Amino acid sequence: MVSRRSIPKIYSYHRPLLSDVLPFEVPPTFSNSGFFDFLTRYNVRLEKEQGRLHVVWESSSDTLDATISVLFKTCRKHAAGYQLQSGEANSIANPFQRQIVRNGKTIHKRYWKLSSQAMQTRPFGFDIAHKEREFRRLSVIHPRNQIAVADFYDRHSAQILYFAGLSDISIRHPSAVATTVKYSDRLYAERRSKVPDSIVQNSKEYENLGSFFSYKHYSNIFKFFEHYKYHNAEKKFDVLLRLDVAKCFDSIYTHSLPWSTLGTSSAKDFLGPSKGTFGGRFDALLQGMNQNETNGIVIGPEFSRIFAEIILQKVDANFLRVMREKHGYAHREDFHAFRYVDDYFVFCSSSVDLQHIERELGVALKEMKLSTNSAKSEIVQKPIITDLTIAKNRVRHVFNECIEVLEADVEDPNNPDETVRKYTPRVRSNNLIVGFKSVLKETGVEYKNILNYSFAALERNTEVIFTRYEQTPEQLRDERKLVLALLALLEFAFFAYAADPRVNISIRLARLVSSIADKMNSVAMSRDSKHQVLKYIFDNVSRQLRKSSSKYRPNVEVMYMILALRKLGREYLISEEALASYFGLERDAESGKFFGTAKIDYFATTVGLCYATGKSRYAGLRAALEENIVQRIQARAAYVHNDAEPLMAYLDLSCCPYVSARTKFRLARIFGHSVSDFRSIKAASPFWFTDWRGFDLSIALDKKRTREVY
């Protein structure tokens with residue numbers, strides 16, 4: 001049972017950092033938890049002071065100055081008594097302090113002017129599998145730009161809701177600021193209580209946020225396909241035209257946002273004044289976080305989808321207007337259009353010329369420098385049902401036939417005069433695999449389109465099997481049958497995963513493995529039975545790792561699988577040689593040391609260190625990861641203050657108990673920090689983006705349940 005709580009006002013400003021600024025697909029070790037706690041503890045915000053942007057925080061001393069400076073690229077701090085030279089007034093400034101009274105208490109607020117270029121940064125990009133032989137680049141924006149997004153939400157949430165709610169077509173758009181959050185279910189609470197926190201953090205209970213806004217009408221496109229609105233449209237109209245915006249986020253021209261809110265002519269004719277409007281500020285925000293790029297926006301975070309939504313709302317309005325004025329087609333009468341993010345579904349009567357729809361929508365998109373993807377356009381005649389819907393229904397039947405929990409009333413071993421219910425699981429893995437493949441062959445649906453649904457069904461069935469097992473009296477439990485059922489479920493899971501190992505399915509598989517490992521402990525399975533299952537998991541994950549890992553580019557899918565193996569316990573630790581190979585490291589024949597490439601990025605480094613921890617068996621791997629990240633950051637030494645990856649790596653590694661002091665001080669020197677500066681940064685927060693001591697895979701994966709891929 002999931003409980004809900006109101007969001008405390010003290011967290012409202014910083015809330016987007018936990019829900020709207022990170023891609024769903026980041027490794028489970030990575031989050032904004034430590035960063036969020038730091039910001040809320042000192043109430044760090046952005047404010048305008050005398051026309052210039054300042055970072056403001058609450059502290060009675062200068063102990064945080066070094067940390068604030070590296071996070072926000074403040075104007076340089078000069079020595080006491082320094083005399084400003086001619087022309088330096090706008091480039092050099094010290095923080096200043098004021099006192100305010102809040103609830104009868106004196107609060108010390110410090111202000112520090114930001115550099116004029118502070119918000120022009122480079123995001124950290126990482127690739128995930130998207131299509132066959134094609135990757136999609138997702139982005140984690142710079143921490144200071146994350147604060148800028150939170151500040152923008154705080155100032156402009158009303159305008160976002162207004163401009164994202166104008167379309168009569170959109171079926172996924174922000175409709176209100178969420179006032180409650182999912183707190184935790186029973187399983188999450190149980191797991192959370194087992195993890196000792198390094199410090200008391202009151203904000204932790206609010207880390208399980210879904211999103212800053214609540215959304216209309218569908219959180220997932222498949223819910224639309226099964227909803228009465230879809231069925232009603234099918235009853236009323238004869239044909240469905242499906243259209244897709246070609247490379248929507250890659251193609252967006254950021255200046256088209258003010259065009260959509262002000263009108264194209266007004267925005268172009270009054271370019272200067274338009275920069276101070278809602279649209280102009282949103283445009284500048286998206287540009288700044290992406291190296292001032294105007295063609296394309298960062299992909300992954302929720303705020304990018306909101307940016308695109310506002311632009312497409314204008315496209316929707318123009319499309320409907322032209323269809324009415326030019327062709328005399330009335331929306332909801334002659335045709336009914338729906339748009340889910342960048343996918344259009346247009347139901348039409350037989351009197352409507354489909355070429356008019358495709359052409360006019362293309363023209364409306366072109367006005368915003370977008371276009372339709374002709375290769376993805378599809379015309380569906382009645383009965384209007386997608387192959388995917390057919391496949392999902394058939395897969396559901398296959399699962400129901402092949403995954404069972406048999407029930408029987410038997411004599412109560414404690415009371416012969418009474419009967420009790422005995423549950424016995426039975427899973428026919430061969431029938432399950434053959435039936436699943438038959439569905440794909442008959443419907444023509446690809447693995448990638450059905451796996452998310454299939455793994456969700458696997459998780460539900462696994463939960464039911466364990467629940468029924470626990471409900472059976474201990475003397476009647478058949479542990480052997482439970483083991484056989486789990487092995488059969490896992491056989492299907494690894495078969496399906498091997499067909500298309502993408503990130504969202506890696507998350508599903510890791511969650512299944514993590515859940516089984518936890519549940520086997522909770523039902524007190526015997527050691528031999530547990531190891532039968534754990535050994536099967538280890539062998540299959542290891543096989544998949546050898547198949548998927550690349551020495552040229554350690555991918556996020558591999559990282560999830562590596563962390564899943566960590567759940568199996570000490571007896572199933574990966575050898576150093578194998579672990580190094582999964583991260584693209586090779587051993588030098590002469591020195592015996594591991595060496596890597598510049599492709600071993602921040603994520604690979606932190607995940608590798610999380611797995612290796614301080615174990616002596618991984619000393620060589622740790623040394624190689626440390627050297628590689630130092631060299632990677634050194635190569636960007638001139639840009640480290642504006643690059644997201646070097647900054648996050650520096651902050652994370654400064655707190656990492658497994659990294660050598662030598663490596664930490666080498667990184668500090670790259671950032672121009674003295675020993676005292678480094679120590680103050682290290683002391684500012686127990687962790688930043690990687691919780692080195694408190695990380696638990698089960699909890700991390702449970703949090704993702706509230707942020708499924710849209």
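**Reading the model, feature by feature**

Tutor: Let's begin with helix α16: the buried residues of α16 pack against α7 (221-225), β15, β16, α17, α18 and α19 (479-499). Packing here rests on contacts (heavy atoms within 4.5 Å). Those labels are DSSP runs numbered from the N terminus, with helices being H or I of at least four residues and strands E of at least two. Keep in mind that this is a predicted model, where local features need pLDDT of at least 70, side-chain atom pairs count only at pLDDT 80 or more, and totals for chains, interfaces and linings use all residues. Residues are numbered from 1 along each chain as its sequence is written, and side-chain values use heavy atoms, leaving out hydrogens and water.

Student: Which residues of α16 are buried?

Tutor: They are L388, T389, A391, K392, V395, V398, F399 and C402. Buried means under 20% relative accessible area, exposed means over 50%, and partly exposed is in between (1.4 Å probe, protein chains only). An α-helix has 3.6 residues a turn, so residues three or four places apart point the same way.

Student: What span should α16 have?

Tutor: The expected span of a helix is 1.5 Å times one less than its number of residues. For the 16 residues of α16 (residues 387-402) that comes to 22 Å, and the end C-alpha atoms are 22 Å apart, so the two agree.

Student: How many helices and strands does the chain have?

Tutor: There are 29 helices and 18 strands. Of the chain's 710 residues, 55% are buried. Take the contacts between residues at least 6 apart in sequence: 75% of them join residues at least 24 apart.

Student: How do I read a salt bridge, and how many are there?

Tutor: Side chains of opposite charge can pair when their charged atoms come close. The cut-off is a side-chain nitrogen of Lys or Arg within 4 Å of a carboxyl oxygen of Asp or Glu. The whole structure has 34 of them. One of them joins E404 and R428, with the closest N and O atoms 3.1 Å apart. E404 sits in strand β15 (residues 403-412) and R428 in the loop between β16 (415-427) and α17 (429-443), so this pair ties together parts 24 residues apart in sequence. E404 is partly exposed at 23%, and R428 is partly exposed at 29%.

Student: Which residue does R508 pair with?

Tutor: R508 bridges to E459, the closest N and O atoms being 2.9 Å apart. R508 belongs to helix α20 (residues 503-522) and E459 to helix α18 (residues 447-471), so parts 49 residues apart in sequence are tied together. R508 is buried at 10% relative accessible area, and E459 is buried at 15%. K519 and E463 also form a salt bridge, at 3.8 Å between the closest N and O atoms. K519 lies in α20 and E463 in α18, so that pair ties parts 56 residues apart in sequence. There's a network too, linking R122, R636 and D643.

Student: What about sheets? What is the strand order in the one with β2?

Tutor: Two strands pair if DSSP finds at least two bridges between them. This open sheet of four strands runs β2-β3-β5-β4, paired antiparallel. β2 (45-49) and β4 (96-102) are at the edges with a single partner strand each, so one side of each has no neighbour in the sheet. Five bridges join β2 to strand β3 (residues 52-58), and K48 has L53 in β3 as its bridge partner.
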